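Here are my notes for someone opening this structure for the first time. Have a look at the chain, then go through the points in order.

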Amino acid sequence: MNKLIIGRYLPGTSLLHMLDARAKLIAGFYFIFILFFAEDWPAYILLWAFTFWVMHLSGVHFKTYIRGVRPLIWLILFTVCLQVLFTAGGEIYFEWGPVTISQFGIVSGIYIFFRFVMIIFISTVITLTTKPIDLTEAIHFLLKPLRIFKIPVEEISIMLSIALRFIPNLLDETQKIMDAQKARGTEFGKGSLFQQMKTLVPIFLPLFVSSLNRAEEVANVMEVRGYQPNARRSSFRKLRWKWADTLSLVIMIFLTVGLLIMNTIV
């Protein structure tokens, strides 16, 4: 569990660490958006090249990104299998009732696998190179236009800030509970599916109680310090937009142009 990197920030001096959190969020969401417009192999080759380039710029070892994919690999493979088994088109290799393995289904499954992995890689780049507090400030800034629809932007931002802050703590605490259970003779990952589910109960119960206690402590501290949800507040940390942030969005435009060109090659 301590190998998970979800919600973790790795300090560094790379170019991506220096970028404004708003620029990274906008570029990240935009990349995920254009990812679904890739239609064939040349387009995916371009997107993979861009993904590896961004990962290299982050200054984080490639093994770290692999650890980010591992917890979700079974969900990804399950989705790919559904796509392969229930999508017909092109040459049919196997057919039995509703199950059909076809050329189009296999290709679609590979494309879905590529999309999932690239989304995880890019999302991991953002979280590893952005401080949680900066990420929260960026989300708060990008959500400001929603105020006209009476959406409580400040409350959403503070909830995200607290959630991001305590994700690493929850992961570390989960690891401690698992180590304590192993010391008592519990074996994780062995036996039938039902037995494996039973071994998770001694983990979730104390973790749930601990999370409730921590949430109550945070609420009491906020109340003592006079936190008011509807009050306007200033920010100690100021995000600064630099020329490199503008350049990052210009690069995304060039990537879009390249993607459109690659889609016309085949």
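**Notes on the model**

1. Let's begin with helix H10, residues 243-263: its 21 residues reach 31 Å from the first C-alpha to the last, close to the 30 Å expected at 1.5 Å a residue. That expected span is 1.5 Å times one less than the number of residues. Helices here are DSSP runs of H or I with at least four residues, strands are E runs with at least two, and both are numbered from the N terminus.

2. A word on the source: this is a predicted model, where local features need pLDDT of at least 70 and side-chain atom pairs count only at pLDDT 80 or more, while totals for chains, interfaces and linings use all residues. Residues are numbered from 1 along each chain as its sequence is written, and side-chain values use heavy atoms, with hydrogens and water left out.

3. Back to H10. Its buried residues are Ala 244, Asp 245, Ser 248, Met 252, Leu 255, Thr 256, Gly 258, Leu 259 and Asn 263. Buried means under 20% relative accessible area, exposed over 50%, and partly exposed in between, with a 1.4 Å probe and protein chains only. These buried residues pack against helix H2 (21-35) and helix H3 (41-57).

4. Now the largest nonpolar core, which has 41 residues. Such a core is a set of buried Ala, Val, Leu, Ile, Met, Phe, Trp, Tyr and Cys residues joined through side-chain atoms within 4.5 Å. Phe 31, Leu 47, Tyr 65, Met 118, Phe 121 and Leu 255 touch the most other members. The elements giving two or more residues to this core include H2, H3, H10 and helix H6 (103-129); H6 provides the largest share, 11 residues.

5. Which residues does Leu 47 contact, leaving aside neighbours within four places in sequence? They are Phe 31, Leu 35, Ala 38, Met 118, Leu 255 and Leu 259, where contact means heavy atoms within 4.5 Å.

6. Zooming out, the chain has 10 helices and two strands, running α-α-α-α-α-β-β-α-α-α-α-α from the N terminus on. Of its 266 residues, 35% count as buried. Its C-alpha atoms fill a box of roughly 65 × 55 × 40 Å along the principal axes.

7. One spot worth a look is Lys 150, in the loop between H7 and helix H8 (153-183). Lys 150 has a positive phi of about 65° although it is not a glycine. Is Lys 150 buried or exposed? At 75% relative accessibility, Lys 150 counts as exposed.
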